[in-house]
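Welcome! Please keep the sequence and the 3D view open while you work through these exercises, and try each task before you read its solution.

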Amino acid sequence: MSKTIEGFLGLGANLQKSRTPAKQDFLQSASGALLAVFMLCHMIFTGTIIFGKEAFEAVVRVAEPGGISLITNIVAAFIFVVFVVHAFLAMRKFPANFAAFKAYRAHKIRLKHCETSMWWVQFLSGFALFFVASCHLLTIVFTEPVSATLSASRFATLHIFYIVLLVAVVVHASVGCYRLVLKWVSLGEVQKERSQKRKRVKFVIFGVWAVLFVLSVVADVVWLSL
């Protein structure tokens with residue numbers, strides 16, 4: 001019965017606001033941060049192809065000690081579960097209907113606030129990732145042992161798919177990391193100080209992801225050449 005009351009009023013049996021939304025926000029942020037760290041490592045890993053097949057294969061051997069390729073499948077399965085949880089939690093904040101969408105759009109147009117517009121970009125890139133990232137992760141879960149030859153063959157066949165995936169990942173992760181910092185890290189109490197720190201945070205985060213994007217594009221060209 002208390003759960004029913006909480007569902008209608010947003011209050012627990014003690015007439016205090018439920019902590020569930022706060023816990024869901026924390027889980028969404030934590031899962032997003034974990035996925036961002038994974039993507040940083042993954043992009044660096046795939047970028048080693050720039051130095052040749054031998055460099056890529058060497059990293060694979062480090063990631064799969066003893067040649068146990070099942071490690072990659074298990075890691076991909078774990079990341080897929082985290083990805084689904086993150087997507088499920090993020091869906092709570094999507095516009096529930098057309099009226100909610102119109103209200104948000106009117107708010108965005110009138111306010112002309114950078115972070116508000118960023119949320120919309122993150123929403124669109126996240127929607128795209130729900131399809132393309134899921135396909136990629138499931139492919140890795142059920143794939144053959146990773147090798148430079150297999151990866152090059154797959155990229156040659158599906159290069160458009162991987163380019164779309166790359167753009168969506170970089171856009172979503174860069175905006176997400178920036179918004180994570182704004183949400184969980186104090187940037188000071190003085191408005192001028194907050195504004196300056198926010199600019200520095202934005203420059204560093206977007207700069208890092210831009211460098212990784214360029215690295216990945218160069219790596220993609222190398223994959224195609226193979």
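**Exercise 1. Which exposed residues does the face of α7 turned away from its buried side carry?**

Step 1. Helices (H or I, at least four residues) and strands (E, at least two) are DSSP runs, numbered from the N terminus. Buried means under 20% relative accessible area, exposed over 50%, and partly exposed in between, with a 1.4 Å probe and protein chains only.

Step 2. On the face of α7 turned away from the buried side, the exposed residues are Thr149 and Thr157.

Step 3. The buried residues of α7 are Ala148, Ser151, Ala152, Arg154 and Phe155. Down the axis of α7 these buried residues fall within an arc of 165°, so they line one face of the helix. The arc is that of the directions from the helix axis to the C-beta atoms.

Step 4. The cover over the buried residues of α7 includes α3, α6, α8 and α9.

A word on the model: this is a predicted one, in which local features need pLDDT of at least 70 and side-chain atom pairs count only at pLDDT 80 or more, while totals for chains, interfaces and linings use all residues. Residues are numbered from 1 along each chain as its sequence is written, and side-chain values use heavy atoms, with hydrogens and water left out.

**Exercise 2. Find Ser151 and say what it touches.**

Step 1. Look in helix α7, where Ser151 is found.

Step 2. Ser151 has 16% relative accessibility, so it counts as buried.

Step 3. Contact means heavy atoms within 4.5 Å. Not counting residues up to four places away in sequence, Ser151 touches Phe56, Val146 and Trp223.

**Exercise 3. At what angle do α3 and α7 pack?**

Step 1. Axes are lines fitted to C-alpha atoms, for helices over the stretch in contact, and angles run from 0 to 180 degrees between N-to-C directions.

Step 2. The angle between α3 and α7 is about 110°, and their axes are 9 Å apart. That makes α3 roughly perpendicular to α7. Angles under 35 degrees count as roughly parallel, over 145 as roughly antiparallel, 65 to 115 as roughly perpendicular and the rest as oblique.

Step 3. Lys53, Phe56 and Glu57 of α3 meet Ala148, Thr149 and Ser151 of α7.

**Exercise 4. Now describe how α4 and α6 pack.**

Step 1. Here the angle is about 160°, with the axes of α4 and α6 8 Å apart.

Step 2. α4 and α6 are therefore roughly antiparallel to each other.

Step 3. Residues making the contact include Phe80 and Phe83 of α4 and Leu129 and Phe130 of α6.

**Exercise 5. Which residues touch the most other members of the largest nonpolar core?**

Step 1. A nonpolar core is a set of buried Ala, Val, Leu, Ile, Met, Phe, Trp, Tyr and Cys residues joined through side-chain atoms within 4.5 Å.

Step 2. The largest one has 37 residues, and Met43, Leu129, Leu165, Ile205, Trp209 and Trp223 touch the most other members.

Step 3. Elements giving two or more residues to this core include α2 (20–47), α6 (114–141) and α9 (191–225). The largest share, eleven residues, comes from α8.

Step 4. Take Trp209 as an example: leaving aside neighbours within four places in sequence, its contacts include Met43, Val170 and Cys177.

**Exercise 6. How many helices and strands are there in the protein?**

Step 1. There are nine helices and zero strands.

Step 2. Of the 226 residues, 33% count as buried.
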